[in-house]
Amino acid sequence: MATTDHRIDELLAAATAARAQAYVPYSHFAVGAALLDDAGRIHAGCNVENAAYPQSQCAEATAVGVMAVAGARRLQAVLVLADAPHPVTPCGGCRQRLREFGGADTVVYIANPQGVQQRYTLGELLPASFGPEHLR
Ligand code: THU
């Protein structure tokens, strides 16, 4: 049980709505992400691909930008939603992007259309990480 579990349904709904907007003409692999900030607000994003494939953007990266525009700077929880045979966890680059605004205790829910399948902490997904406090 995590302290953010009571927000799972809202995070799922936000990620589902965002995922429906995914721009994925190349991979056809739609992902939605929802972020719960420290004020309890939810920010969501989808993946946005590009004909120059490496310029494609993950759903988590979009959601981080959306959160920043809203003025939020701290993450309580993250939910990633995809539809795949194996649970889809954030890629390495996105783990670092989330780490900028989250900490070892930030909850990361991994979901498919049937609901949340796994729960991690960011510390589990990105142990011994580098973060903004190293630069202070
Ligand atoms: N993708 C995400 O948006 N988030 C993840 O956590 C895993 C991968 C996207 C990137 C690309 O648009 C597609 O999924 C296939 O890799």
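So, is Asp37 buried or exposed? Asp37 is buried, at a relative accessible area of 0%; buried means under 20% relative accessible area, exposed means over 50%, and partly exposed is in between, with a 1.4 Å probe and protein chains only.

Quick housekeeping. This is a predicted model, where local features need pLDDT of at least 70 and side-chain atom pairs count only at pLDDT 80 or more, while totals for chains, interfaces and linings use all residues. Residues are numbered from 1 along each chain as its sequence is written, and side-chain values use heavy atoms, with hydrogens and water left out.

Okay, charges. Side chains of opposite charge can pair when their charged atoms come close. Searching the whole structure turns up four salt bridges, a salt bridge being a side-chain nitrogen of Lys or Arg within 4 Å of a carboxyl oxygen of Asp or Glu. Our Asp37 is in one of them, with Arg41, and the closest N and O atoms are 3.2 Å apart. Arg41 is partly exposed, at 39%.

Then there's Asp5 with Arg119, closest N and O atoms 2.9 Å apart. That pair ties together distant parts of the chain: Asp5 is in the segment before α1 (8–19), Arg119 is in strand β5 (residues 115–121), and they are 114 residues apart. Helices (H or I, at least four residues) and strands (E, at least two) are DSSP runs, numbered from the N terminus. Asp5 is buried at 16%, whereas Arg119 is partly exposed at 40%. Glu10 and Arg7 also meet in a salt bridge, 2.6 Å from N to O.

Thr4 is in the segment before α1 too, and Thr4 is buried at 2%. Leaving out neighbours within four places in sequence, Thr4 is in contact (heavy atoms within 4.5 Å) with Leu36, Gln76, Ala77, Val107 and Tyr109.

β4 (residues 107–112) pairs with β5 in the antiparallel sense over six bridges, and Ile110 stands opposite Gln118 in β5.

Conventions
Pairing = 2+ DSSP bridges.
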